[in-house]
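Here is a structure to read term by term. Each label will be set against the value behind it.

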Amino acid sequence: MALNTATFAGGCFWCMVMPFDCYDGVLCVTSGYCGGTEENPSYDEVKSGRTGHLEAVSIVYDEDIIPYSQLLEIYWQQIDPTDDGGQFGDRGKSYRTAVFYHDMMQRETALASLESLTHSGRFSKPIVTQILPATRFYPAEEKHQDYARLQPESYEADSAVQERKAYLKRTWYS
């Protein structure tokens, strides 16, 4: 087993768990916060924008089964990489997108993936998703873990979730 960690910020972390959770080789997806300066931030502190953290997911995966490059492909198909103000109905600094790399291989793979997406012609606006060194990841409060699976009615009723689904369908699956 070649265990590794990937960390992606893609707007609301509730929406970023299930897309990864269903793949062989993905062992755990945790909602949390990355990229900020405060220790042990709370959801309310992060959402206020004062801590500098982004809502993110930490993915423990087996590189022998699912390569980092495939995780990046999945990631790009969950976000609007041209929106620097948040994602869909979730607005603000804590909802921006970023790939947090944990080593030089991840950095180079992420940069190549970003370049490929940039030149794909899929987006008319510039891609603003940042590729950043990983900082300490803080798991979110328990009520935010596996939210979509544990609270499916509330999750599906969220307007930002519906906006995301419509965008993804138009952009990637039409």
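The questions and answers below concern a predicted model.

Q: Why is Gly10 called buried?
A: Buried means under 20% relative accessible area. Gly10 has 0% relative accessibility, so it counts as buried. Gly10 is found in strand β1, which covers residues 3–10.

Q: Which residues does Gly10 touch, not counting residues up to four places away in sequence?
A: They are Met16, Glu55, Tyr75, Ile79, Gln87, Arg96, Thr97 and Arg164. Contact here means heavy atoms within 4.5 Å. His53 is 43 residues from Gly10 along the chain, and the C-alpha atoms of the two are separated by 12 Å.

Q: Why does Ser94 count as buried?
A: The relative accessible area of Ser94 is 1%, and the limit for buried is under 20%, so the word applies. Ser94 is found in the loop between β5 (90–91) and β6 (97–101). Leaving aside neighbours within four places in sequence, Ser94 is in contact with Val46, Lys47, His53, Leu54 and Glu55.

Q: Why is Leu27 called partly exposed?
A: Exposed means over 50% and buried means under 20%, with partly exposed in between. Leu27 has 49% relative accessibility, so it counts as partly exposed. Leu27 has its place in strand β2 (residues 26–34). Together with Met1 and Leu3, Leu27 forms a nonpolar patch on the surface, with about 370 Å² of accessible area.

Q: What makes strand β3 largely enclosed by the rest of the structure?
A: Strand β3 covers residues 54–62, and eight of its nine residues are buried, so the strand is largely enclosed. Six bridges join β3 to β1, and these two strands run antiparallel.

Q: What makes the pair Glu156 and Lys165 a salt bridge?
A: The closest N and O atoms are 2.6 Å apart, which is within 4 Å, so this pair also qualifies. Both residues are partly exposed, Glu156 at 34% and Lys165 at 38%. A search of the whole structure finds four salt bridges.

Q: Which residues touch the most other members of the largest nonpolar core?
A: Phe8, Phe20, Ile59 and Leu71 do, in a core of 44 residues. Helix α3 (residues 68–76) gives the largest share of this core, six residues. A second, separate core of seven residues includes Cys34, Leu54, Ala98 and Phe137.

Methods:
Residues numbered from 1 in each chain as written. Predicted model: local features only at pLDDT ≥ 70, side-chain atom pairs only at ≥ 80, totals over all residues. Heavy atoms only, no water. Helix = DSSP H or I, 4+ residues; strand = E, 2+ residues; numbered from the N terminus. Buried < 20%, exposed > 50% of the residue type's maximum accessible area, 1.4 Å probe, protein only. Core = buried A, V, L, I, M, F, W, Y, C linked by side-chain atoms within 4.5 Å. Patch = residues over 30% accessible without salt bridge, like charges linked within 9 Å, V, L, I, M, F, W, Y side chains within 5 Å. Areas by Shrake-Rupley, 256 points an atom, 1.4 Å probe, with all protein chains shown as cover. Salt bridge = Lys/Arg side-chain N within 4 Å of Asp/Glu carboxyl O. Pairing = 2+ DSSP bridges.
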